[in-house]
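Colleague: I have a model open and would like to go through its fold with you. Could you take me through the sheet, the helices and a couple of the buried residues?

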Amino acid sequence: LGRNHNSNAPIADFAAGAKSLAGVADYMVVNVSSPNTPGLWALQGRDHLADLLEAVLAARNAAPPPDRPPLLLKIAPDLTEADKKDIAEVAVAAGIDGLIATNTTIGRPTGMTSPSRTQAGGLSGRPLFEPSTGVLADMYRLTQGKLPLIGVGGIETARHAYAKIRAGASLVQLYTALIFHGPGLVNRIKRDLAQLIRADGFGSVAAAVGADHR
């Protein structure tokens, strides 16, 4: 669920989307972090975010029980410490089902040599791994592990996926790496991840979630 460029009532639009899609979605994501939509980031602020999540949850909860999918919030990697604290507190208080950390970044690492590095918009792939994992770890700490987290950003090997899990992710997503490595990457990551987990003495992925905080 996102905001249209020409929306004059974004919160109402989010709620309308949730109401329309609740019965057909496996889960829904409130996206307030795309750097490619003007004005969207403002909805990550404490007051706007609280109002937004309240409206979307009400729309989701108006559906009959079998049609109430989990609702998650997708956040940006380019947040201040105060932003992260506010988002964590609002998310826990609202009672949403989880967080996705993170969307693409507006940052540009100094080592980038591509002529496209000056283009505006969100950057994904390898340069996103460290900042997104840092935000993921912060959100695990700030929510005290109370919310399931989906780690995303720069994952292209099992070690990347494992780092997200140890930082606090119960699930991981990948997208850019599929362009370069194809769909077979998923099976390779799963196979190698199982080896990493066993090597550290964990009996399951769940047992390794948040291990770096213990």
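Predicted model: local features only at pLDDT ≥ 70, side-chain atom pairs only at ≥ 80, totals over all residues.

Colleague: Fine, sheet first. What is the order of the strands?

Modeller: The five strands run in the order β1-β2-β3-β4-β5 and form an open sheet, in which the pairing is parallel. The edges are formed by β1 and β5, each of which pairs on one side only. On average, and with direction ignored, neighbouring strands of this sheet are turned by 25° against each other.

Colleague: How many bridges hold β1 and β2?

Modeller: Strand β1, residues 28–31, pairs with strand β2, residues 71–75, over four bridges in the parallel sense, and N31 has K74 in β2 as its bridge partner. On the next step across, β2 and β3 are also joined in the parallel sense over four bridges, with L73 standing opposite L99 in β3.

Colleague: And at the other end, how many bridges for β4 with β5?

Modeller: There, strand β4, residues 149–152, and β5 are paired in the parallel sense over three bridges, and the bridge partner of V152 in β5 is Q173.

Colleague: Switching to helices. How do α1 and α2 pack?

Modeller: Helix α1, residues 10–21, packs against α2 at an angle of about 25°, and their axes are 8 Å apart. Angles under 35 degrees count as roughly parallel, and α1 and α2 are therefore described as roughly parallel to each other. The crossing in which α1 passes α2 is right-handed. From α1 the contact involves I11, F14, A15, A18 and K19, and from α2 it involves H48, D51, L52, A55, V56 and A59. By class, the residues of this contact of α1 with α2 are eight nonpolar, one polar and two charged.

Colleague: Then α2 with α3, which residues meet there?

Modeller: In α2 they are R46, L49, A50, L53 and L57, and they meet D86, I87, E89, V90, A91 and A94 in α3. The residues of the contact of α2 with α3 divide into eight nonpolar, no polar and three charged.

Colleague: And what is the geometry of that pair?

Modeller: Helix α2, residues 46–61, and helix α3, residues 81–94, pack at an angle of about 25° with their axes 10 Å apart. That angle makes α2 roughly parallel to α3, and α2 passes α3 in a right-handed crossing.

Colleague: One more pair: how close do the axes of α4 and α5 come?

Modeller: The axes of α4 and α5 come within 8 Å and cross at roughly 25°, and the two helices are therefore roughly parallel to each other. Here α4 passes α5 in a right-handed crossing. On the α4 side, F129, S132, T133, L136, A137 and Y140 meet H160, A163, K164 and A167 in α5. The residues of the contact of α4 with α5 divide into six nonpolar, three polar and one charged.

Colleague: Last one, A169. Where does A169 lie?

Modeller: A169 lies in the loop between α5, residues 158–167, and β5, residues 171–173. Why call A169 buried? Its relative accessible area is 0%, and buried means under 20%. With residues up to four places away in sequence not counted, A169 touches L136, L149, G151, K164 and V209. As for K19, which is 150 residues apart from A169 along the chain, the C-alpha atoms of the two are separated by 28 Å.

Notes
Residues numbered from 1 in each chain as written. Heavy atoms only, no water. Axes fitted to C-alpha atoms, helices over the stretch in contact; angles between N-to-C directions. Parallel < 35°, antiparallel > 145°, perpendicular 65-115°, else oblique. Left-handed = near helix turned anticlockwise from the far one by under 90°. Contact = heavy atoms within 4.5 Å. Nonpolar A, V, L, I, M, F, W, Y, C, P; charged D, E, K, R; others polar. Buried < 20%, exposed > 50% of the residue type's maximum accessible area, 1.4 Å probe, protein only. Pairing = 2+ DSSP bridges.
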